[in-house]
Amino acid sequence: MEEADGFYFTFSSQVRLDRWSQGRVVLLDDAGHCAAPTSGMGTSQALSGARVLARHLAGSHGDHRAAFAAYEAELRPYVAENRAKGREGAVAFGGGAR
């Protein structure tokens with residue numbers, strides 16, 4: 001690495017939010033609940049999150065706050081499981097997870 005002409009190195013981090021929505025704004029996918037590159041669940045989680053949010057919005061009769069709350073309540077356990085897998089993967093690759 002010390003002798004490489006084009007070596008690049010950076011770190012990966014994850015922001016954990018207390019909630020995924022505020023007002024009329026809701027976060028999806030990596031913006032709100034990134035699983036971790038080492039979980040292997042990014043695309044699956046993004047598609048699942050979009051489907052869950054759409055279902056709750058469609059059934060909320062215009063009450064976006066209720067839809068956002070239901071979306072988060074349903075998806076948080078799935079996200080927590082995937083984040084745990086990501087931490088396990090980071091340790092397997094020799095990295096630490098905080």
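## Val-79 and the nonpolar core

Val-79 touches Trp-20, His-33 and Gln-45, leaving aside residues up to four places away in sequence. In this predicted model, Val-79 is also part of the largest nonpolar core. That core has seven residues: Trp-20, Val-52, Leu-53, Phe-68, Tyr-71, Leu-75 and Val-79. Helix 2 and helix 3 are the elements that give two or more residues to this core. Helix 3 gives the most, with four residues.

## Helix 2

Helix 2 runs over residues 42–58 and has 17 residues. From its first C-alpha to its last it reaches 24 Å, close to the 24 Å expected at 1.5 Å a residue.

Its buried residues are Gln-45, Gly-49, Val-52, Leu-53 and His-56. They cover an arc of only 100 degrees around the axis, so they sit on the same side of helix 2. An α-helix has 3.6 residues a turn, so residues three or four places apart point the same way. The buried residues of helix 2 pack against strand 2 (25–26), helix 1 (29–33) and helix 3 (64–92). Two of them, Val-52 and Leu-53, belong to the core.

## The exposed face and Arg-51

What does helix 2 carry on the face turned away from its buried side? That face holds the exposed residues Thr-43, Leu-47, Arg-51 and Ala-58.

Arg-51 lies in helix 2. Its relative accessible area is 60%, so Arg-51 counts as exposed.

## The loop between helix 2 and helix 3

His-61 is found in the loop between helix 2 and helix 3. His-61 has a positive phi of about 55 degrees, although it is not a glycine. Buried or exposed? His-61 is exposed, with a relative accessible area of 79%.

## Helix 3

At 1.5 Å a residue, the 29 residues of helix 3 should span 42 Å. The end C-alpha atoms of helix 3 are 40 Å apart, which agrees. Helix 3 also has a kink of about 40 degrees at Leu-75, shortly before the proline Pro-77.

The buried residues of helix 3 include His-64, Ala-67, Phe-68, Tyr-71, Glu-72, Leu-75 and Val-79. Asn-82, Arg-83, Gly-86, Gly-89 and Ala-90 are buried in helix 3 too. The buried residues of helix 3 pack against strand 1, strand 2, helix 1 and helix 2.

Glu-72 has its place in helix 3. Why is Glu-72 called buried? Its relative accessible area is 13%, and buried means under 20%.

What does the side chain of Glu-72 reach? It reaches the backbone nitrogen of Trp-20, at 3.0 Å. Not counting residues up to four places away in sequence, Glu-72 touches Asp-18, Arg-19, Trp-20 and Ser-21.

## Val-15, before strand 1

Val-15 lies in the segment before strand 1 (21–22). At 59% relative accessibility, Val-15 counts as exposed. Val-15 and Gly-32 are 17 residues apart in sequence. Their C-alpha atoms are 8.2 Å apart in space.

Notes
Residues are numbered from 1 along each chain as its sequence is written. This is a predicted model: local features need pLDDT of at least 70, side-chain atom pairs count only at pLDDT 80 or more; totals for chains, interfaces and linings use all residues. Side-chain values use heavy atoms; hydrogens and water are left out. The expected span of a helix is 1.5 Å times one less than its number of residues. Buried means under 20% relative accessible area, exposed over 50%, partly exposed in between (1.4 Å probe, protein chains only). The arc is that of the directions from the helix axis to the C-beta atoms. Contact means heavy atoms within 4.5 Å. A polar contact is a pair of N or O atoms within 3.5 Å; within protein, one must be able to donate a hydrogen and the other to accept it, and residues adjacent in sequence count only if both atoms are side-chain atoms. A nonpolar core is a set of buried Ala, Val, Leu, Ile, Met, Phe, Trp, Tyr and Cys residues joined through side-chain atoms within 4.5 Å. The bend at a residue is the angle between axes fitted to the seven residues ending there and the seven starting there.
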